[in-house]
Amino acid sequence: FPSADIMETKMQVEDTLKERGTRYGDFTDNARVSQDFQIMIRSHPNYITLDHVKREALTVIMQKIARILNGDPNYRDNWHDIQGYAKLAEDRCSDI
């Protein structure tokens, strides 16, 4: 039989998933939109010229946009995160 700790952890995970689903929308929908964005970005000829930082920034920004489209567009944290990831990429730009 599962221990009380295992059952409590399972309930905590279930609660978290329910709360996130309410905030961000269905995970399957988010995955589809996010992956569609990834296909679009990676198919662009300039993608291979980007360094790892800019590629990762675009990835997480697109994930945040997917959450906005599928979930609560008024949740400020998503917008704040987009600014933060863009700033991280900007700070690592090498203007020649």
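Reader: How much space lies in the largest pocket?
Author: In this predicted model, the largest pocket holds about 340 Å³ of space. Of the 16 residues that line this pocket, those closest to its centre are Tyr24, Gly25, Phe27, Asn30 and Arg67.

Reader: Which helices supply at least two residues each of that lining?
Author: Helix 1, covering 4–24, helix 2, covering 27–43, and helix 3, covering 52–70, each supply at least two residues of the lining of the largest pocket.

Reader: And which helix gives the most to the lining?
Author: That is helix 3, which gives five residues to the lining of the largest pocket.

Reader: How do the lining residues divide into nonpolar, polar and charged?
Author: The lining of the largest pocket is made of seven nonpolar residues, five polar ones and four charged ones.

Reader: Let me stay with Asn30 for a moment; is Asn30 buried or exposed?
Author: Asn30, which has its place in helix 2, has a relative accessible area of 9%, and because buried means under 20%, Asn30 counts as buried.

Reader: What is Asn30 in contact with, leaving aside its neighbours within four places in sequence?
Author: With those neighbours left aside, Asn30 is in contact with Tyr24, Gly25, Ala66, Arg67 and Asn70. Among these contacts, Tyr24, Gly25 and Arg67 are also listed with Asn30 as closest to the centre of the largest pocket.

Reader: Ala66 came up there, so where does Ala66 lie?
Author: Ala66 lies in helix 3, and with a relative accessible area of 1% Ala66 is buried. Leaving aside neighbours within four places in sequence, Ala66 is in contact with Asn30, Val33, Ser34 and Phe37.

Reader: How far apart are Ala66 and Asp26?
Author: Along the sequence Ala66 and Asp26 are 40 residues apart, while in space they are 11 Å apart, taken from C-alpha to C-alpha.

Reader: New topic: which residues make up the largest nonpolar core?
Author: The largest nonpolar core has nine residues in all, namely Val33, Phe37, Ile41, Tyr47, Ile61, Met62, Ala66, Ile68 and Ile82. Helix 2 and helix 3 each supply at least two residues of this core, and the largest share, four residues, comes from helix 3.

Reader: What is Val33 in contact with, again leaving aside its neighbours within four places in sequence?
Author: Once those neighbours are set aside, Val33 is in contact with Ala66, Leu69 and Asn70.

Reader: And Gln38, is that one buried or exposed?
Author: Gln38 has its place in helix 2, and at 4% relative accessibility Gln38 counts as buried. Apart from neighbours within four places in sequence, Gln38 is in contact with Leu58, Thr59 and Met62, and Met62 is one of the residues of the largest nonpolar core.

Reader: What about Leu17, buried or exposed?
Author: Leu17 lies in helix 1, and because exposed means over 50%, its 56% relative accessibility makes Leu17 count as exposed. The C-alpha atoms of Leu17 and Leu69 are separated by 18 Å, with the two residues 52 residues apart along the chain.

Reader: Where is Arg55 found?
Author: Arg55 is found in helix 3, and at 23% relative accessibility Arg55 counts as partly exposed. Leaving aside neighbours within four places in sequence, Arg55 is in contact with Tyr47, Ile48 and Leu50.

Reader: What separates the C-alpha atoms of Arg55 and Ala89?
Author: They are separated by 9.1 Å, although Arg55 and Ala89 are 34 residues apart along the chain.

Note on methods
Residues are numbered from 1 along each chain as its sequence is written. This is a predicted model: local features need pLDDT of at least 70, side-chain atom pairs count only at pLDDT 80 or more; totals for chains, interfaces and linings use all residues. Side-chain values use heavy atoms; hydrogens and water are left out. On a 1 Å grid over the protein atoms alone, a cavity is a set of points where a 1.4 Å probe fits but cannot get out, and a pocket is an open set with protein on both sides within 12 Å along at least five of seven lines; lining residues have an atom within 4 Å of a point. Grid points are joined across faces, edges and corners, and a volume is the space filled by probe spheres set on the points. Ala, Val, Leu, Ile, Met, Phe, Trp, Tyr, Cys and Pro count as nonpolar, Asp, Glu, Lys and Arg as charged, and the others, Gly among them, as polar. A nonpolar core is a set of buried Ala, Val, Leu, Ile, Met, Phe, Trp, Tyr and Cys residues joined through side-chain atoms within 4.5 Å. Buried means under 20% relative accessible area, exposed over 50%, partly exposed in between (1.4 Å probe, protein chains only). Contact means heavy atoms within 4.5 Å.
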